[in-house]
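Colleague: I'm new to this one, could you walk me through it?
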Amino acid sequence: MIRVVFATMMAMAMAAPLKAAVEIQEVTSPGGIEAWLVQEDSIPFVSLQIRFLGGASLDPTGKRGVINLMTGLIEEGAGEMDATAFAEARDGLAASFDFSVQDDALSVSVRMLSENRDEASQLLRDALVNPRFDEDAVERVRAQVLSGIRSDATDPNSIASHTFDAMVYGDHPYGSDNSGTLESVAALTRDDIVAAHRAVLARDRIYVGASGDISAEELGLLLDSLLGGLPKTGAELPGTAELNITGGMTIVPFETPQSVAFFGHAGIPRDDPDFFAAFVANEIFGGSGRQSRLSEEVREKRGLTYGVGSYLVNFDNADMLLGQFASANDRVAQAIDVVKAEWARIAEEGVTEEELAEAKTYLTGAYPLRFDGNGPIARIIVGMQTIGLTPDYITTRNDRVEAVTLDDVKRVAARLFQPENLRFVVVGKPDGLDSTN
């Protein structure tokens, strides 16, 4: 019955209209843990987003994949409960805990009913502070990870992105798959996993976003109970990635009827004064939310692909402008020529007034739709914290988009889009293409 109630509450939350303004409270717990809170008492549940900076980039040398494996094991038993008992306790409380890891952060997504928030948070505390890492669970999750690595080895998209990363980032953690290799994952021990837990889940790298039926005082007490038992400090965070990228073409032979092309070069930092102009420029050029130049020229006019786009990527230690598409082996060379031509055209000419107006309308209109429930709000506000934004960003963001002028876009496009540095990695059997440089 409690699961039905929770599902009903979630449906109500998703259907509820967005308030005119999202009011963020900055909370500091009695123990000194900081968080942002959007209090919403109308629906009796709360969402938390907890991020531990560093993520899979903290893998020790020779232990690639250990943090990914550890993350998959956090919920596989804690304290006195094995994996089965823990899952039953969580489901009995209608709580949801999701653990994931990326290159820059280990993330925990939490949903709890107000009526049993204390019990659910205590269960989560056990998972975070006292995971069991039982041998049977280790071997079960290890087998799942190894299966994923084998699958990626036969996936052209994964091969393309991994090849590009290795070329660009080299020995930096970004340069290798955070799942590890078959050899590195097979060699990991329980001691390695325990050490990884201590390295990543520490109080000196926590960011928290909360949204829902909880007050600032209640949140402060919950944070101390939930996170106060973690180590004070963790492993040293990685440094800036040195980018090793030049223009050219890299072909990875692979038996497939269509080739995958992954391409890009250095981007622009999130705190750069020109970031919003770059953001708008890329939306016009290759954004996925509306009809972009790339989509028009490569897909609509010529039918060379089902989908193509570009995107700004801001890691903690690198900033990139990337893109991707797939095309038949006998047409991928033509598609690449079109992408190159469009890359050069926007760098030289900028965009039109009509394109700029349409992009602004889309970007400003779509932004409020992101705040469609407690979970999305918690994710947004924790993300804001991790990149150094202030609470007023939500109310000023659209103004920043609107302030971008045609001259801004032209100036920044000339800086951002660098045809001479554009590197393509193509996986497949592309006709008429050879590796260069």
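This is a predicted model: local features need pLDDT of at least 70, side-chain atom pairs count only at pLDDT 80 or more; totals for chains, interfaces and linings use all residues.

Colleague: How many aromatic pairs does the structure hold?

Modeller: The structure holds 16 aromatic pairs. One of them joins Phe-276 and Phe-279, whose ring centres are 6.3 Å apart with the planes at 85°, so this pair is edge-to-face.

Colleague: Where do Phe-276 and Phe-279 sit in helix α10?

Modeller: Helix α10 covers residues 275-286, and Phe-276 and Phe-279 lie 3 residues apart in it, which means that about one helical turn separates them.

Colleague: Is Phe-276 buried or exposed?

Modeller: Phe-276 counts as buried because its relative accessibility is 11%, which falls under the 20% cut-off, whereas Phe-279, with a relative accessible area of 22%, is partly exposed. In another edge-to-face pair, Tyr-367 and Phe-371 have their centres 5.3 Å apart and an angle of 85° between the planes; Tyr-367 is buried at 5% relative accessible area, and Phe-371 is buried at 5% too.

Colleague: Which residues form one aromatic cluster?

Modeller: That cluster is made up of Phe-263, Phe-285, Phe-325, Trp-343, Phe-417 and Phe-424.

Colleague: Changing topic, where is Asp-274?

Modeller: Asp-274 is placed in the loop between β8 (258-266) and α10, and with a relative accessible area of 16% Asp-274 is buried.

Colleague: And what does Asp-274 touch?

Modeller: Leaving aside residues up to four places away in sequence, Asp-274 touches Ile-268, Arg-411, Val-412 and Arg-415. With Arg-411 there is also a polar contact of 2.6 Å, which joins the side chains of Asp-274 and Arg-411.

Methods
Residues are numbered from 1 along each chain as its sequence is written. Side-chain values use heavy atoms; hydrogens and water are left out. Rings of Phe, Tyr and Trp (its six-membered ring) pair if their centres lie within 6.5 Å; planes under 30 degrees apart count as stacked, over 60 as edge-to-face and the rest as tilted. Helices (H or I, at least four residues) and strands (E, at least two) are DSSP runs, numbered from the N terminus. Buried means under 20% relative accessible area, exposed over 50%, partly exposed in between (1.4 Å probe, protein chains only). A polar contact is a pair of N or O atoms within 3.5 Å; within protein, one must be able to donate a hydrogen and the other to accept it, and residues adjacent in sequence count only if both atoms are side-chain atoms. Contact means heavy atoms within 4.5 Å.
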